[in-house]
Amino acid sequence: MSISKLPLRNILRHPGRTTAIAILVAVLSFSLLSGSILVYSLNSGLRSLENRLGADIIVLPDSARSKVNIDNLYLQGTTGYYYMSTAKQEEITKRDGIAAASGQVFLATLRADCCSMPVQVIGFDPETDFTVQPWIAERAKNDLSLNEVVVGSKVSAGVGESLRIYGISCRVAARLDATGTGLDTAVYCTGETMAVLLNAAREMNHELKITTDPSKVVSAVYLRVDPAFSVEDVANDINIHVRKVQAVKTRSVISGVSDSLGGVASTIKALIIGVWALSFLLLAAAFMLLGGERKREYAVLRVIGVSRKRLSGIALKEALFVSVLGGLIGIALSLLIVLNFHSLIEKALALPFLLPSGRNIMLFAVSTLVCVCIAGPLSAMVSALKLSRADTGIILREGV
Amino acid sequence: MSLLEIKNVSKIYGELKALDDVSLSVEKGEWVAIMGPSGSGKSTMMNIIGCMDKPSKGQVLLDGVDISKESGKKLTEIRRDKIGLIFQQFHMVSYLTAVENVMVSQYYHSMPDEKEALEALDRVGLKQRARHLPSQLSGGEQQRVCVARALINHPELILADEPTGNLDEANENIVLDLFKQLHREGTTLIVVTHDPEVGEAAQRMIVLEHGRVAKEVVNQNFEA
Amino acid sequence: MKKRNIVFGLIIGLMCIVLALGVQTFAKPCVHDRKLMTLLTVEGGAVAVLAGIGMIRPGLKSPFLAAIGGILAILTPGTLMKICADEMMRCQVYTRPTAVVTGALIVALSLVWFGLELKHREHT
């Protein structure tokens, strides 16, 4: 045997004691890693939402309000369909302060069977679009042709496969990266394809209330405001002068999300701090209690000729071993639960949620391990110092 | 030549004088018993000689070095290199086997050598119990492991505090026989005890009372 | 009965209950997937029985078979049996994660138990 492994021997010969301390450390690392991943995912979800919205104002028909929660539209992917005529779009576009405008048409698919959720089909105008195409271009090499679609990351259809929407077979040209928002369950196509789908939907008795030609409707108009004008003023101007529409500032959608995200993130942070403070105190108390129990053993080592410094070293090394063990258990549990249940967490939080990349998750895990490897020995420090300073002679004579 | 010289040593705890102007010397290779009733200052004396405590006054010379003036770190080194300690309560490291308990002492002194540690256990008649944990050994066996541990680094002085206090007669005789053997080999032994039989096994008895040396008796019947 | 076997047997048993009852209640798969539900419940039940046997008659067999049961539970939804492809469906949100998490914990605990039994056997 190698006596340099003395701390390890002690740990292995006291499985109960080791397990109890390792569980406490595991709680520390579990809370830190899970909390960090959650907060990071919420923040990157918000960032991706900001990147994707692209427009300053979204104008929706008044009828939209009764069908969907506008604030929730881009988060939960609430499938909605509501229409206004393209004449309305022209009226909006003519207002002052508008630098760019593009219409989009929405259509919700039916629930095909029990195993697929309804998806939102979004038709955009390739000529004027400035919100969808920039990020479609990152994934699709060519422009979309008739009956070609681009799917969000959560739509279960691979590139090259066909997706049947209202009986029309559409080829999947590309899959987009995850955004952690409702946009992940959407299917994107050009207005041309959308017109075909709308016709097919109407034939299948879908409760579409389009009285006019399907190629002459829009569901939403996306606007970019001229920098010389204020977004607020332009939105107000539309709300006052264009009848039966509602102009929504995307900033307000984002700030609404940002507010609730801030609330959730601070709750998580407070929980992490609480768990850490409590676990750290418990750990320190556990090491103290252990110290009392091991006074005699330390005194024996002192008598044999182990210096105070070396004795503290042994105690800290033991704490480090247990911390690594507990830390790894906590990290494994955290990754197992968070990575497997991320969809449930996303559903429960109802906020944009984008998991970090594998590399970042590794970084978080390593940082967590470093943190607990500092916290564990730190909590053992007081008892180690106290023990090494104890009066050896008295302890051994009393046989405590 | 004196291995240990104590000159006018006092140890004062507040109002209490645990040792009061004590002077004595122990020659190299001598076997001395320090005796006395409870509260006579035996244990204080043991702590000072064992470098676990410092006197309030006076000088303690161990092998020519004044240990009353040394730092804590230096005292640790002296204890490790020159003294082998044996206690009444055995004091083994509970999670190490008998041979590991001996080797741990080697490790902090020089280099652990399992063969040598097994020889030391063989010397105290416990080679066959080398792989047992303290909880699997009897009191007598544990004390013999402690003797082996005290011997392993060939200390100049063996300091034993009530070494037979927790042993039955058979084990007491084994330990005393071991001491006799060590004495024949030239090891200096200081045994602190209140048991007259253990005291009478020594070459010389120093009796303490109220922190002072009450009498010194040379054992005429001592068998080397 | 040894303390170690009781502790491992009980914790693994608890995991099995979460798996077996979970897929019948909160982690129910999409409506018609009775086969998947039944299979996971049977797997959970079988591992629970193995854990029980391991508590009464310690040995290497029970932890080893329990670990295999855990692996089966992990592989059942998605690999051994098809589940909904849509990421937001119940099978993906509740059933599979429940099976994977409880299965992985059963495997980890069973392997530690197996290792300890093996060490114990070498010592005696």
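The axes are lines fitted to C-alpha atoms, for helices over the stretch in contact, and the angles run from 0 to 180 degrees between N-to-C directions. Helices (H or I, at least four residues) and strands (E, at least two) are DSSP runs, numbered from the N terminus.

The model described here is predicted: local features need pLDDT of at least 70 and side-chain atom pairs count only at pLDDT 80 or more, while totals for chains, interfaces and linings use all residues. Residues are numbered from 1 along each chain as its sequence is written, and chains are lettered from A and ligands numbered from 1 in the order in which they are written.

**Helix packing**

Two packed helices are described by the angle between their axes and the distance between the axes.

| Helix pair | Angle between axes | Distance between axes |
|---|---|---|
| H1 (residues 6-13) and H11 (residues 308-340) of chain A | about 55° | 9 Å |
| H5 (residues 139-151) and H6 (residues 169-184) of chain B | about 10° | 10 Å |
| H1 (residues 3-22) and H4 (residues 90-123) of chain C | about 165° | 10 Å |

In chain A, H1(A) and H11(A) are therefore oblique to each other. H1(A) passes H11(A) in a right-handed crossing; a crossing is left-handed if the near helix is turned anticlockwise from the far one by less than a right angle, and right-handed if clockwise. H1(A) contributes A:Leu6, A:Pro7, A:Leu8, A:Asn10 and A:Ile11 to the contact, and H11(A) contributes A:Ile314, A:Lys317, A:Glu318, A:Phe321 and A:Val322. Two residues are in contact if their C-beta atoms, placed from the backbone, lie within 7 Å. Seven residues of the contact of H1(A) with H11(A) are nonpolar, one is polar and two are charged. In this classification Ala, Val, Leu, Ile, Met, Phe, Trp, Tyr, Cys and Pro count as nonpolar, Asp, Glu, Lys and Arg as charged, and the others, Gly among them, as polar.

In chain B, H5(B) and H6(B) pack at an angle of about 10°. That makes H5(B) roughly parallel to H6(B), and their crossing is right-handed. B:Gly140, B:Gln143, B:Arg144 and B:Val147 of H5(B) meet B:Asn171, B:Ile174, B:Val175 and B:Leu178 of H6(B). The contact of H5(B) with H6(B) has four nonpolar, three polar and one charged residues.

In chain C, H1(C) and H4(C) are therefore roughly antiparallel to each other, and H1(C) passes H4(C) in a left-handed crossing. Residues in this contact include C:Phe8, C:Ile12 and C:Leu19 in H1(C), and C:Leu105, C:Leu109 and C:Trp113 in H4(C). The contact of H1(C) with H4(C) comprises 12 nonpolar residues, four polar and one charged.

**The chains**

Chain A is divided into domain 1 (3-47 + 257-398) and domain 2 (63-243), with bounds that come from an automatic or database domain assignment. Nine residues from domain 1 of chain A and six residues from domain 2 of chain A form the contact. On the side of domain 1 of chain A that touches domain 2 of chain A, helix H2 (residues 15-53) of chain A gives the most, with three residues. That side of domain 1 has six nonpolar, three polar and no charged residues.

Chain B has seven helices and 10 strands. Its radius of gyration is 17 Å, close to the 17 Å that the globule rule gives for 224 residues, so chain B is as compact as a globular protein of that length. The radius of gyration is taken over C-alpha atoms, and the globule rule is 2.2 Å times the number of residues to the power 0.38. The C-alpha trace of chain B spans about 50 × 40 × 35 Å along its principal axes.

Chain C has four helices and zero strands, and its elements run α-α-α-α from the N terminus on. Its C-alpha trace spans about 55 × 20 × 15 Å along its principal axes. With 124 residues, a compact globule would have a radius of gyration near 14 Å, and the 15 Å of chain C agrees.

**Contacts between chains**

Of the two pairs of chains in contact, chains A and B share the most contacts. The contact takes 25 residues from chain B and 19 residues from chain A. On the side of chain B that touches chain A, the elements giving two or more residues are helix H1 (42-49), helix H2 (72-82) and helix H3 (98-109) of chain B. H3(B) supplies the largest share of that side, seven residues. The side of chain B that touches chain A divides into 11 nonpolar, eight polar and six charged residues.

Chain C places 16 residues in contact with 14 residues of chain A. The side of chain C that touches chain A has 12 nonpolar, two polar and two charged residues. Chain B and chain C do not touch, and their nearest C-alpha atoms are 12 Å apart.

Key. Angles under 35 degrees count as roughly parallel, over 145 as roughly antiparallel, 65 to 115 as roughly perpendicular and the rest as oblique.
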